[in-house]
Amino acid sequence: MTTGSDRDLRLLRDALGPLRDREQVAERLLESSARHSFDPDRELDWDAPADEDKWYWPPELVSLYDTPLWRRMSEEQRMDLARHEAASLASLGIWFEIILMQLLVRHIYDKPVTSSHVRYALTEIADECRHSMMFARMIKKSGTPAYPVPRYYHNLARILKTVSTTPGSFAATLLGEEILDWMQRLTFPDERVQTLVRGVTRIHVIEEARHVRYAREELRRQMVTAPRWEQEFTRLSAGHAARVFSVCFVNPQVYTNVGLDRAEAVAQVRASGHRREVMQSGAGRLTDFLDDIGVLRGPGRKLWKNSGLLA
C-alpha cells in the first residue's frame, strides 16, 4: 500500500533528482550571505576618474559587434556605444530587480515569518536594494542618461507581476538574472573594462549566485507541486517574459545617442549571427535547466524560440 508519506516523497523529485529541504537551502544561503555580502558605497571607489582608454562593456558583448555598421564605426564611437549600452543594461537590471523585489514579497506574504526561507528572501530583497542603487550610481557616474524600458512594456509588467503564479515568478526571476550574470562573469575579469564597472559586476555576480540558487530550488519545487493549470500557465508566461526580455534588452535610443541611424542599427543587430550566438550562449545554462524541469514545453517553447534566446 502506498502511504501519504510515500506519495509526498515522490512529489519532491524531478528529472534532476530529489529536491533539497527548503529550510536547509535557505540556511546555507544565509551563511553565504553573512560571509560574502558587500556595501557598494564602501567597497568601490566612486571618486576615481574614468580611464579614457578603457571600455565600459566588453566589445564582443556590444550589440553591434561584428556587423557591417560596427566595421564602419570609429574606435571612439564603438567605445561610446559600449558606455551607453552598459547604462542601458544597468537600467534594465534595475527594472527587473524592482519587479523581483515585489514578487519576493508576494511569495513570502503567507509563509512562516520565522522560517529561514522567509529570512533569506528578506536578505535577498536587501541585496537587490543595494544592487539597484549601485546600478543607478554607475549610470550617473558614466555620464549617460538612464534607459527605461518602453512605456508599453513598463505597464505590461504591472499586469504580468500581478497575475504571475509563484513558479512563473521564479522563472521570470531566473530570466532576468542568469543572462546578465553570464555577461557580467565575462566582464569583471576583463582588464580592458573600466575598474568601476568591473567592481560593480564582481559584486553583482557574487551575490547573484545565491539568488539564482534560491530561485532554481524554489522553481523546481513549484513545478513539482503546483497544479497542472499553474504549470501550463507558467510555461506560457515564461515564454512571453522571454520575448519581452529580448525586445527590451538594449534600448534602441542608445544608437541615436551615439550618432547612428537607429533603424539601420536595429536591423543589423537583428540580422547579426554573432549577436544571436551571444544571446543564446547567455541563455544556454538557463534554457537547459528550464528544459530539464519541464518549463520549455508546448506553446511556451515556441515563444522562447521566437525570442531568439533558444535555438
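Q: Which residues of α5 meet which residues of α9?

A: In this predicted model, where local features need pLDDT of at least 70, side-chain atom pairs count only at pLDDT 80 or more, and totals for chains, interfaces and linings use all residues, Glu 97, Leu 104 and His 107 in α5 meet His 204, Glu 208, Tyr 214, Glu 218 and Gln 222 in α9; contact means heavy atoms within 4.5 Å. Residues are numbered from 1 along each chain as its sequence is written, and side-chain values use heavy atoms, with hydrogens and water left out.

Q: How are the axes of α5 and α9 placed?

A: Two packed helices are described by the angle between their axes and the distance between the axes. Here the axes of α5 (residues 75-108) and α9 (residues 195-225) come within 14 Å and cross at roughly 45°, the axes being lines fitted to C-alpha atoms over the stretch in contact, with angles from 0 to 180 degrees between N-to-C directions.

Q: Which residues of α14 are buried, and which are exposed?

A: An α-helix has 3.6 residues a turn, so residues three or four places apart point the same way. In α14 (residues 299-307), Gly 300, Leu 303, Trp 304 and Ser 307 are buried (under 20% relative accessible area, with exposed meaning over 50% and partly exposed in between, for a 1.4 Å probe and protein chains only). Seen down the axis of α14, these buried residues fall within an arc of 100°, so they line one face of the helix, while Pro 299, Lys 302 and Asn 306 on the other side are exposed.

Q: What do the buried residues of α14 pack against?

A: They pack against α8 (166-187), α10 (228-248) and α13 (273-292).

How values were computed: Helices (H or I, at least four residues) and strands (E, at least two) are DSSP runs, numbered from the N terminus. The arc is that of the directions from the helix axis to the C-beta atoms.
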